[in-house]
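Please read them alongside the coordinates.

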Amino acid sequence: MAKNKFLFGSNLSNAAGTDLGLLILRVFAGLALAFGHGLGKVPPSEGFMGMVSNLGLPSFFAWFSTLAEFGGGILLALGLLTRPVALLIIINMATAVFLAHAGQGFGEREKALLFAFIAIQFLFSGAGKYSIDSRIGG
């Protein structure tokens with residue numbers, strides 16, 4: 001019976017396992033976003049600011065993108081302000097998918113889509129028990 005529940009269970013009765021899974025995903029995704037994508041944009045280069053302007057966006061959006069990826073990634077990893085940060089990441093990644101990579105194939109959009117969907121998950125679920133949000137919010 002327990003084996004079947006492990007293999008086919010769909011409820012969240014294993015709260016400790018769910019919270020551990022959220023922690024692992026949150027820390028990995030946050031650090032990957034911050035250091036794999038955001039750090040190289042601190043501060044936004046003239047080229048990046050020009051690309052953002054060429055998309056028809058104000059140049060301050062280059063700073064928004066940098067803060068969403070680097071600062072948002074760090075906050076996501078820490079589990080601090082998780083839902084607001086997730087929303088900023090979703091907006092940033094949607095911009096990447098629909099504007100920056102418009103007309104390109106799925107392979108060019110895949111990373112931005114993955115980060116967007118991970119952020120959507122945290123927008124709905126929150127950070128989980130093992131987070132600063134949980135310590136502050138109770």
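Predicted model: local features only at pLDDT ≥ 70, side-chain atom pairs only at ≥ 80, totals over all residues.

1. Helix α2 covers residues 15-38, which is 24 residues.

2. One face of the packing can be read from the burial list. The buried residues of α2 are Asp19, Leu22, Arg26, Ala29, Gly30, Leu33, Ala34 and Gly38. In an α-helix there are 3.6 residues a turn, so positions three or four places apart point the same way. The partners of the buried α2 residues are α4 (60-78), α5 (82-100) and α6 (106-125).

3. How many salt bridges does a search of the whole structure find? The search returns one. It pairs Glu69 with Lys41, with 2.7 Å between the closest N and O atoms. Glu69 sits in helix α4 and Lys41 in the loop between α2 and α3 (46-54), so the pair, 28 residues apart, links distant parts of the chain.

4. Is Glu69 buried or exposed? Its relative accessibility is 6%, and it therefore counts as buried, the cut-off being under 20%.

5. The largest nonpolar core contains 17 residues. Those with the most contacts inside it are Leu33, Leu76, Ile89, Met93, Ala112, Ala119 and Phe122. Two or more residues come from each of α2, α5 and α6, and α5 gives the most, with seven.

Notes
Residues numbered from 1 in each chain as written. Heavy atoms only, no water. Helix = DSSP H or I, 4+ residues; strand = E, 2+ residues; numbered from the N terminus. Expected span 1.5 Å × (residues − 1). Buried < 20%, exposed > 50% of the residue type's maximum accessible area, 1.4 Å probe, protein only. Contact = heavy atoms within 4.5 Å. Salt bridge = Lys/Arg side-chain N within 4 Å of Asp/Glu carboxyl O. Core = buried A, V, L, I, M, F, W, Y, C linked by side-chain atoms within 4.5 Å.
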